[in-house]
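Keep the structure open as you read.

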Amino acid sequence: MYLRLSFMIAVLVQAVTAPANPIFNVKDFGAKGDGQHIDSPAINAAIEQAAKEGGGMVVLTEGVYPCYSVHLKSNTTLRLEKGAVLKAAPVTETEGYDEAEPNDSHYQDYGHSHWHNSLLWGENLQNVILEGEGLIDGTDVLSRWGQRDDYQGPPLANKALALRDCRHVTIRGLSFLSCGHFAMLLTGVDDLLIEHVTTDTNRDGFDIDCCERVVVRNCKVNTVNDDAIVLKCSYALGWAKPTEHVLIEDCEVSGYDVGTLLGGTRTTLTEKAPDGDGPTGRIKLGTESNGGFRHITIRRCTFTHCRGLALETVDGAEMKDIRVSDLTMTDICNSPIYIRLGNRMRAPEGFHFSTVDGVSIRNVHVTDADSRYACLIAGVEGHPVRHVSIKNLYVQFRGGLTLLDVKEQRGRNPFFIPEARQPGQAGEANYPEPSAHGIQPAWGFSISNAEDIRLKNVHLETILPDERPQFHFENTKNIRM
C-alpha cells in the first residue's frame, strides 16, 4: 500500500510541475486589476495566446480583477500572485457568465451536471496548473442554485472552478472564498494534485467526482453548510466511472462561520446547516455513488466543529479498500464514524446494488462528540456492510440522553432501528445522513445489517451519564470485539 501511494505521488508531481514558459502578464492584454473594469476578456486573451504558443504562464499581479467566465486551456499555468484577487463580477442587464451546457441531470443534482456556468472552467484539457498566493473570491455573486426558472437576465454562475474530462492538473497554494455550490467541481479529472489550498466557502469545498490518481494534501477546507472534502462517483459523465487511487493526507476540515477561517476569527455562530443538523465540514465519500470507490486512503487529518467521517454508497457503487488512519476530531455534531450502504439508486434501470466490502479505520481520537447517533454502521437487509475493521479508537461522547428520548422520537420499541418506512427516517432509499436514523438506542456503537465487523482496542466514554447501553446490534453476524 505504501509503495503504491509513493509511486502515485511521484508520478503526479512529475506530471503536473513541469515549467510553464513564457510568461504572459494579463495587463499586457488590457486587464486593469482596479476592481472596477471587467478583466475576463483580457485574461481569456492571455490564456488563448499562451495556448497558441504551445503553453505558458498567465500571471495576475497584485490587484482585484472582476471577471465573468474564464476559459482554461491545455498546457497553461494560471498564476495569481500575492495580493491578486480574481473576483466574480455581478451580473448586469447585458453581461453574465457562460450558459450551462446541456447534460442529463436525472441521476445527480443539477449542480453536479454542468461546468460552463462557472467563474473558471475547462473541458478536455491536459497539463493545467492553477497556483499562487492569490484569492478566488465569489462573495455575493456565486450562488447555490445557479439559473432560476423565473430568471430572465444573463446567465449566472454557481461554482468557482469546474473541470471535466481533464488530465494532469494541479491546484496549488490558492485561497477560495464564498464560492457558491462548489469551490471546485472536478469531474473525470485524472492525475490530479491539490496541495496547500485554503478554502472558506458557503457550500461544498472540493467535489472530486469520477477521478483517478488523486492526491489532496496540506489543505484547509472550511464549509459550515456542506461537505469540505468529498469524493463522488456520479453518472454525470454519462457512464459509471470510478473514483479510485485517491490519497487525502494532512488536511484540516471544519464548520466555522463562512469567511472566518480566512479572516482568522474562526467563529461558531451558525448552529445549523440547511438540512437542520449541525455544521457540516467533514470528509465524505458519497452521496452520488454510481461508478465505485476503490483504493482510497485518508490519513493524518483533523476535523473541528463539524460532522464526522462519512463513508456512503447508495446508488450502486462498490466501496472497497478504504483505508483511514490517524484522524483527530473535536466538537463533532453527529456520528464520528458513519458507514452507510443504502438503496437510493439514482442510477440507470437495472444498475447493480451498492456494496461495502473492505474498510479499515485505525488510530482515531475524538473528543466532545454528539452522542445522539453514536458511531453508525448500517447496511440494508439482504445487503450487509462487510469486512470493516476499526482499531485503536477513542471517542468521548457528550452523553446525557435517556431511553425515553429514543422512545419519544420513534413512538416504538427504543431498541428497534427503523429501516425504510417513513420519510425523514433512515429508509434505505432516503438521503444518507446520521440524523436520518434518529436518536440511537445506544450511545457508543449502533450496527445493523452488517457482517464481519471487527472492533479492537476501542475506548468509549461519556461526559455526562447516559441511560442507553454502549452498543446495539441489529441483524448482524460475526461481530468481533
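## An aromatic cluster

Tyr-107, Tyr-235 and Phe-351 come together as one aromatic cluster. Please bear in mind that this is a predicted model. Counted across the chain, there are seven aromatic pairs. Take Tyr-107 and Tyr-235: their ring centres are 5.4 Å apart and their planes meet at 85°, so this pair is edge-to-face.

Where do the two tyrosines sit? Tyr-107 belongs to the loop between β6 (84-88) and β7 (120-123), and Tyr-235 to the loop between β17 (227-233) and β18 (243-249), so their pairing ties together parts that are 128 residues apart in sequence. Buried means under 20% relative accessible area. Tyr-107 has 18%, so it is buried, and Tyr-235 is also on the buried side of that cut-off, with 19%.

## A stacked pair between two strands

Now turn to Phe-445 and Phe-471. With ring centres 6.0 Å apart and planes at 15°, this pair is stacked. Phe-445 is in strand β28 (residues 445-464) and Phe-471 in strand β29 (residues 471-480), so the pair links distant parts of the chain, 26 residues apart.

## A buried lysine

Back in the loop between β17 and β18, you will find Lys-241. With a relative accessibility of 6%, Lys-241 counts as buried.

What surrounds this lysine? Setting aside neighbours within four places in sequence, Lys-241 is in contact with Gly-188, Asp-190, Cys-210, Cys-211, Glu-212, Cys-233 and Gly-291. For Cys-210 there is a further detail: its backbone oxygen lies 2.9 Å from a polar atom of the Lys-241 side chain.

## Where to be careful

The mean pLDDT of the protein chain is 92, and 91% of its residues reach 70 or more.

How values were computed: Residues are numbered from 1 along each chain as its sequence is written. This is a predicted model: local features need pLDDT of at least 70, side-chain atom pairs count only at pLDDT 80 or more; totals for chains, interfaces and linings use all residues. Side-chain values use heavy atoms; hydrogens and water are left out. Rings of Phe, Tyr and Trp (its six-membered ring) pair if their centres lie within 6.5 Å; planes under 30 degrees apart count as stacked, over 60 as edge-to-face and the rest as tilted. Helices (H or I, at least four residues) and strands (E, at least two) are DSSP runs, numbered from the N terminus. Buried means under 20% relative accessible area, exposed over 50%, partly exposed in between (1.4 Å probe, protein chains only). pLDDT is the predictor's confidence in each residue, from 0 to 100. A polar contact is a pair of N or O atoms within 3.5 Å; within protein, one must be able to donate a hydrogen and the other to accept it, and residues adjacent in sequence count only if both atoms are side-chain atoms. Contact means heavy atoms within 4.5 Å.
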